[in-house]
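Q: I'm new to looking at protein models. Could you walk me through how to read one?

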Amino acid sequence: STPSDYREYAPPAVDAEVSVNSDTAVGVTPPASDVVTPDSFQSAVGIVPSLLDAETPAVEERAPLSPLDIAGMVWIAGVTVMAAYFAVEYLRLKKRVSPSIDVGDGIRICDDISTSFIVGIINPRIYLSSSLDDRYRDIIIRHEKMHLSRCDHLQKLFGYLVLSIHWFNPFVWLAYILFCKDIELACDEKV
């Protein structure tokens with residue numbers, strides 16, 4: 001390696017009285033290719049932005065959301081809220097009836113409820129209030145067993161699923177409310 005090889009990697013030479021290059025005499029101007037002039041500096045500065053533009057990929061602009069896209073997002077949000085509401089209420093109910101007492105035949109007595117109902121999908125249980133008058137207990141147990149024999153707890157779950165999908169439709173809300181009332185009236189009629 002010769003002493004002049006380092007010029008390829010060193011900054012450009014500047015005209016000076018004293019030089020560190022052994023092959024450049026004092027007071028001698030280095031070759032024109034190593035000298036930075038204002039014109040060469042401006043042309044180098046002009047190249048930098050064009051190099052950056054060439055290497056930077058173009059950012060594509062997103063198209064604005066269409067009304068259908070917005071409606072779809074609102075619908076998904078509504079279904080999510082309905083599912084979350086069901087899950088939270090079901091867990092709260094399970095927690096509330098957890099200290100109940102099993103009296104046999106799938107029937108449990110609980111202090112923290114005021115009305116009778118069925119909880120469970122695969123292994124449903126009848127829950128009765130501990131404050132229930134003994135005169136009505138037999139009728140209410142037959143009523144709840146009628147719900148179980150008709151699989152009303154599953155039908156009601158399916159109805160809520162339909163309601164969750166069509167949450168935006170007031171007629172589906174009305175149909176679900178009337179469906180729940182019809183289930184109760186049908187069991188009352190059978191008992």
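Q: Where does H147 lie, and which residues does it touch beyond its sequence neighbours?

A: H147 belongs to helix 3. Leaving out residues up to four places away in sequence, H147 touches I118, D152, I183, E184 and C187. There is also a polar contact of 3.0 Å between the side chains of H147 and H143.

Q: How much can I trust the prediction, and where is confidence lowest and highest in the chain?

A: Look at pLDDT before reading anything else. The mean over the protein chain is 83, and 69% of its residues reach 70 or more. Helix 1 (residues 38–55) has the lowest confidence, with a mean of 58, while helix 4 has the highest, at 97. Where pLDDT is low, the predicted coordinates should not be read in detail.

Q: Back to helix 3, then. Which of its residues are buried, and which are exposed?

A: Here's the general idea for helices. An α-helix has 3.6 residues a turn, so residues three or four places apart point the same way. Now the case here: I141, H143, E144 and H147 are the buried residues of helix 3. Looking down the axis of helix 3, you'd find these buried residues within an arc of 165°, so they line one face of the helix. R135 and S149 are exposed on the other side of helix 3.

Q: What do the buried residues of helix 3 pack against?

A: They pack against strand 2, strand 3 (117–119), strand 4, helix 4 and helix 5.

Q: How do I check the length of helix 3?

A: Compare the expected span with the distance between the end C-alpha atoms. Helix 3 has 16 residues, which should span 22 Å at 1.5 Å a residue; its end C-alpha atoms are 23 Å apart, so the two agree.

Q: Can we try helix 5 in the same way? What is its reach from first C-alpha to last, and which residues are buried?

A: Helix 5 (residues 170–190) has 21 residues and reaches 31 Å from its first C-alpha to its last, close to the 30 Å expected at 1.5 Å a residue. Its buried residues include V172, Y176, C180, I183 and C187. Down the axis of helix 5, the buried residues fall within an arc of 90°, so they line one face of the helix. That set packs against helix 3 (134–149) and helix 4 (152–165). On the other side of helix 5, you'll find P170, F171, K181, L185 and E189 exposed.

Q: What happens at the start of helix 5?

A: There, a side-chain oxygen of N169 comes to within 2.9 Å of the backbone nitrogen of F171.

Q: How far apart are the C-alpha atoms of A186 and H147?

A: A186 sits in helix 5. A186 and H147 are 39 residues apart along the chain, and their C-alpha atoms are separated by 9.1 Å. A186 counts as partly exposed, at 21% relative accessibility.

Q: Which residues make up the largest nonpolar core?

A: When you look for a core, find buried nonpolar side chains that touch. Here the largest nonpolar core has seven residues: I107, I109, I118, I126, L128, L132 and I141. The elements giving two or more residues to this core are strand 2 (107–110) and strand 4 (125–129). Not counting residues up to four places away in sequence, I141 touches I107, I126 and L128.

Q: Is S116 buried or exposed, and what does S116 contact?

A: S116 lies in the loop between strand 2 and strand 3. S116 is buried, at 18% relative accessible area. Setting aside neighbours within four places in sequence, S116 is in contact with Y127, L128, I140 and E144. The side chains of S116 and E144 are joined by a polar contact of 3.2 Å.

Terms used. Residues numbered from 1 in each chain as written. Predicted model: local features only at pLDDT ≥ 70, side-chain atom pairs only at ≥ 80, totals over all residues. Heavy atoms only, no water. Core = buried A, V, L, I, M, F, W, Y, C linked by side-chain atoms within 4.5 Å. Buried < 20%, exposed > 50% of the residue type's maximum accessible area, 1.4 Å probe, protein only. Helix = DSSP H or I, 4+ residues; strand = E, 2+ residues; numbered from the N terminus. Contact = heavy atoms within 4.5 Å. Expected span 1.5 Å × (residues − 1). Arc of directions from axis to C-beta. Polar contact = N/O pair within 3.5 Å; in protein donor to acceptor, adjacent residues only side chain to side chain. pLDDT = per-residue confidence, 0-100.
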